[in-house]
Amino acid sequence: MDIKISNEAAEWFKEEYEIDEKASLRFFVRYGGMGGNVPGFSLGVNIEDPNVIHTSTTSENILFFIEESDAWYFEEKDLVITLDEKMGEPQFSYQ
């Protein structure tokens, strides 16, 4: 499993979270929401330091990561993040 993020999406996170220097952004599983990989759950995002990384990537000086405890949610699929130009926000897909 990998995290693949476009430069445009990484830049969006940088602006939205007002990141000036290096930062760590965690993708985590939360109960509820819509559009997730597993019914009844969705993806959350938080600025925090990693504990036990399952997978990660770096773009725009940001470490994007998923903790080992949340790996089940992705079912061995890659997390692909692009920027939806019309909506002006990230688009998440699982491939």
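These exercises work through charged residues and backbone angles in a predicted model.

The model is predicted, so local features need pLDDT of at least 70, side-chain atom pairs count only at pLDDT 80 or more, and totals for chains, interfaces and linings use all residues. Residues are numbered from 1 along each chain as its sequence is written, and side-chain values use heavy atoms, without hydrogens and water.

**Exercise 1. Find how many salt bridges the model holds, and work through the pair of lysine 14 and glutamate 60.**

Step 1. Set the rule: a side-chain nitrogen of Lys or Arg lies within 4 Å of a carboxyl oxygen of Asp or Glu. The count is five.

Step 2. Take the pair. Lysine 14 and glutamate 60 meet at 4.0 Å, N to O.

Step 3. Lysine 14 is in helix 1, and glutamate 60 is in the loop between strand 4 (53-59) and strand 5, so the bridge ties together parts 46 residues apart in sequence. Helices (H or I, at least four residues) and strands (E, at least two) are DSSP runs, numbered from the N terminus.

Step 4. Check exposure. Buried means under 20% relative accessible area, exposed over 50%, partly exposed in between (1.4 Å probe, protein chains only). Lysine 14 has 22% and is partly exposed. Glutamate 60 has 30% and is partly exposed.

**Exercise 2. Decide whether arginine 26 and aspartate 70 are buried or exposed, and describe their contact.**

Step 1. The closest N and O atoms of this salt bridge are 2.6 Å apart.

Step 2. Arginine 26 belongs to strand 2 and aspartate 70 to the loop between strand 5 and strand 6, so the pair ties together parts 44 residues apart in sequence.

Step 3. Arginine 26 is buried at 15%. Aspartate 70 is buried at 7%.

**Exercise 3. Examine glutamate 75: its salt bridge, its network context and its phi.**

Step 1. Lysine 77 and glutamate 75 form a salt bridge at 3.8 Å, N to O.

Step 2. As for networks, shared partners join Arg26, Glu48 and Asp70 into one.

Step 3. Lysine 77 is partly exposed at 29%. Glutamate 75 is partly exposed at 47%.

Step 4. Glutamate 75 sits in the loop between strand 5 (62-67) and strand 6 (79-84). Its phi is positive, about 50°, although glutamate 75 is not a glycine.

**Exercise 4. Characterise the backbone and setting of glutamate 18.**

Step 1. Phi of glutamate 18 is positive, near 50°, in a residue other than glycine.

Step 2. Glutamate 18 lies in the loop between helix 1 (7-16) and strand 2 (23-31).

Step 3. Glutamate 18 is exposed, at 68% relative accessibility.
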